[in-house]
Amino acid sequence: MSSENSKNKSILAKKVFCKECGRTMVHRVEFKKNKKGTSEYRAFHCQLCKERQTYNNVKEKKLIEMLHQYMDKSKLDLTEKISEKTFKEKTKNYDLEIARLDKELQILYEKYKGSEITKAEYIKQKSEVNHKKLALVEEQKDYEQNQIVRSEENKEKDILKIFAQKYVEKIIVSRFGDVEIEMKKL
Ligand SMILES: [Zn+2]
């Protein structure tokens, strides 16, 4: 399994640093088989310290639990707003594109009425634009459906990710288990 996969990518990627050597810690997901099936094990590792055999590893879960302590009401409200705004902006792009195709249909019709193009050309071009429009409408429906399911399932994850990007400067992990969270100066 590749750690580049978006599902496997950590919401804290590039924020976690090794206290011993100062390097960015690498996130890895491992799948371990057990009685219940397969369980996911997500952790950060320091590569250099691993080479030096002074292993520095920390579970992603532990870092996320710690971050919650820094998430006060005002930060949480703002983060939720950003999360909703991003969703609305993406949806709006579809509306704009569909409106543009409608405009194109209108122009085609006017060209046909003004005898700039033949009826056959009009029908052909109209059908092409309509085809594009239909595909886009379908795509938008799917997108919105997925977005709703995803935001319900992963809302907490989304919020944590935005929170980390907006407020967290660094998470410094020592190989003796200490974690320091450095917040951005806003
Ligand atoms: Zn290190």
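Strand β2 is joined to strand β3 (residues 37-45) by nine bridges, and the two run antiparallel. Strands here are DSSP runs of E of at least two residues, helices are runs of H or I of at least four, and both are numbered from the N terminus. Two strands count as paired if DSSP finds at least two bridges between them. One of the bridges links Arg28 to its partner Ala43 in β3.

The model is predicted: local features need pLDDT of at least 70 and side-chain atom pairs count only at pLDDT 80 or more, while totals for chains, interfaces and linings use all residues. Residues are numbered from 1 along each chain as its sequence is written.

The open sheet has three strands in the order β2-β3-β4, with antiparallel pairing. Because β2 (26-34) and β4 (57-59) stand at the edges with a single partner strand each, one side of each is left without a neighbour in the sheet. Helix α2 packs on this sheet, touching β2, β3 and β4, and its direction makes about 60 degrees with that of β4. Such angles run from 0 to 180 degrees between N-to-C directions of lines fitted to C-alpha atoms, for helices over the stretch in contact. Contact requires C-beta atoms, placed from the backbone, within 7 Å.

## A mixed sheet

Three strands form another open sheet, in the order β1-β5-β6, with mixed pairing. Here β1 (16-18) and β6 (179-183) stand at the edges, each with a single partner strand, so one side of each lacks a neighbour in the sheet. Strand β5 (residues 168-173) pairs with β6 in the antiparallel sense over five bridges. Val173 has Val179 in β6 as its bridge partner. Helix α2 (residues 60-68) packs on this sheet as well, touching β1, β5 and β6.

A residue is buried if 20 or more other C-beta atoms, placed from the backbone, lie within 10 Å of its own, exposed if 12 or fewer, and partly exposed in between. Leaving aside neighbours within four places in sequence, Met25 is in contact with residues including Val16, Phe44 and Val173.

## Helix α3

Of the 41 residues of α3, one is buried, so the helix lies largely in the open. Just after α3, Ser115 takes a positive phi of about 60 degrees.

Terms used:
Contact = placed C-beta atoms within 7 Å.
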